[in-house]
Each structure stands twice: as structure tokens, then as C-alpha cells.
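Me: Hi! Could you walk me through the aromatic rings and the nonpolar packing in this one?

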Amino acid sequence: MHPQGGGQPTDIGTISLLSADNDEEDICVNVIRVDIDRSSGLVSHKGKLSFSNDDKKGDPNSQPLPFEAGSEVKVIVNEENRRLISECHTAGHVVDSAMARCGRVMPPTKGFHFLAGPYVEYKGSIPPNERDEAIASLKKAFQDILEEDIETKIETLPHDEADKVCNRVAHNFNMDDFGAGDIRVVTAANWPSPCGGTHVKSTADLKGRGWTVTGIKSKKGAVRVKYGPSK
């Protein structure tokens with residue numbers, strides 16, 4: 001399961017305890033949030049225990065904590081939720097590519113790829129008299145990219161190579177912010193950037209829900225491009 005972070009929400013799903021012969025037991029955790037401690041790499045799954053055995057329902061003291069170190073488990077990610085947040089994240093990267101097509105390459109400062117009002121924020125400004133034209137051209141560029149069915153590429157690159165790939169057009173990223181080792185690079189809509197999130201296979205996968213640019217806000221040296229599904 002993908003933890004919350006990197007601008008996108010947590011996966012949800014279930015973790016079921018398996019017996020020695022790999023049969024599912026009657027103990028399951030309905031996971032509602034996954035977090036990661038970046039300093040240690042420790043991932044925590046938070047949720048509610050459920051029991052199919054009626055003798056154990058409603059009695060949290062009926063047995064000791066079932067998930068011991070080394071326990072065999074079956075993990076199921078909620079497919080629809082994963083699909084939706086992957087679309088949302090990829091759509092944010094399409095905004096980056098659309099900005100470049102419109103000649104508005106700006107250093108990105110924040111990506112909010114949550115379903116409640118997603119946006120990408122950049123360092124820069126768009127004068128008030130240019131905003132109507134900017135949003136119209138961004139909408140068109142965004143839809144053109146979806147129609148082009150551009151495949152998403154995910155690769156892990158050495159630090160120096162990732163720097164060259166992601167900053168080939170403009171120095172948008174300080175790779176030291178991502179550590180000294182190898183860096184995961186996602187190229188969505190032909191626009192590479194360091195990213196640890198989940199994504200759909202192609203820009204055409206965003207057509208079903210009608211993802212599009214929905215607005216622009218420019219204030220105090222920051223440009224916020226809002227986007228979302230139209231269906």
C-alpha cells in the first residue's frame with residue numbers, strides 16, 4: 001500500500017492474517033491510512049480489526065495481538081481508490097507539461113493531488129490581463145496531451161542523471177532535496193520529475209473522468225493552477 005505523502009493521499013484496503021497453510025483466517029484489518037517515517041523507513045498501517053468469528057466480535061481482549069513479527073498476511077489494495085488517486089496525481093503532472101507547452105515554465109513549489117481541490121503551485125506570476133488567455137491555452141494544451149495518449153515512464157536513475165533529465169529545460173528541481181542516492185523519476189506527458197507517487201499508464205487514461213484545468217490564481221509570487229475531473 002502506498003503511504004500518504006508526496007502530495008497524494010493514502011491507499012486504503014485490507015490486511016488479512018494467513019494461517020500456516022496460507023488460508024485466510026478470520027482476522028482482518030480494514031486499513032484507512034498508511035504512513036511512513038522517512039528517517040527510519042518504517043511504515044504503519046492504521047485501521048480497525050474485524051473478526052469473522054462471532055465469538056471474538058466485540059471483545060478486544062479475546063486474544064493477544066494477532067499480527068506478530070513474521071506473520072504471513074494477504075494485502076488487498078482498494079482498486080477504485082488507487083485508480084482515482086493515481087489519475088489525480090498523473091493529471092497534476094500533465095499540468096506541468098501543459099504549462100511548458102504554453103511557454104510558462106516555472107519552478108514547481110507544491111503539488112496537492114488530493115480529490116478535494118487538487119492543484120499545482122509554481123514560483124512566478126501571471127499578470128491579470130494575461131490570465132484569461134493563460135487558462136484557455138492551458139485547457140487546450142491539457143486536452144491535447146490527453147488525446148495524444150502519451151505513455152507514463154517510471155525509472156530509478158543515479159542522482160546526476162536524474163538531475164540532467166529533470167532539469168533539462170529549466171532548473172526546476174534541487175535534487176539534493178531528494179537525497180544523495182538514486183532518485184525515482186516519473187515522466188508523465190513527456191515531462192520528467194522526481195516523484196514517489198502512483199500513476200496511470202497513459203495520459204489517455206484521464207479522458208474517462210474528463211480531467212481538465214479548472215482555474216488559475218496568481219498572487220504574491222505564486223501561481224496556482226487548479227484542475228479536476230469534469231465527469
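Me: Which residues do ring pairs link into a cluster?
Reply: Phe112, Phe114 and Tyr119. Rings of Phe, Tyr and Trp (its six-membered ring) pair if their centres lie within 6.5 Å; planes under 30 degrees apart count as stacked, over 60 as edge-to-face and the rest as tilted. This is a predicted model, where local features need pLDDT of at least 70, side-chain atom pairs count only at pLDDT 80 or more, and totals for chains, interfaces and linings use all residues. Residues are numbered from 1 along each chain as its sequence is written, and side-chain values use heavy atoms, leaving out hydrogens and water.

Me: How many aromatic pairs in the whole structure?
Reply: A search finds 3. Phe112 and Tyr119 are stacked, 5.4 Å centre to centre with 20 degrees between the planes. Trp211 and Tyr227 are tilted, at 6.1 Å and 45 degrees.

Me: Are Trp211 and Tyr227 buried or exposed?
Reply: Both Trp211 and Tyr227 are buried (under 20% relative accessible area; exposed is over 50%, partly exposed in between, with a 1.4 Å probe and protein chains only).

Me: What lies over the face of Tyr119?
Reply: Arg224, at 3.8 Å from the ring centre. The rule asks for NZ of Lys or CZ of Arg within 6 Å of the ring centre and within 35 degrees of the ring normal.

Me: Switching topic: which residues have the most contacts inside the largest nonpolar core?
Reply: Val95, Phe142, Trp211, Ile216 and Val225, in a core of 28 residues. Such a core is a set of buried Ala, Val, Leu, Ile, Met, Phe, Trp, Tyr and Cys residues joined through side-chain atoms within 4.5 Å.
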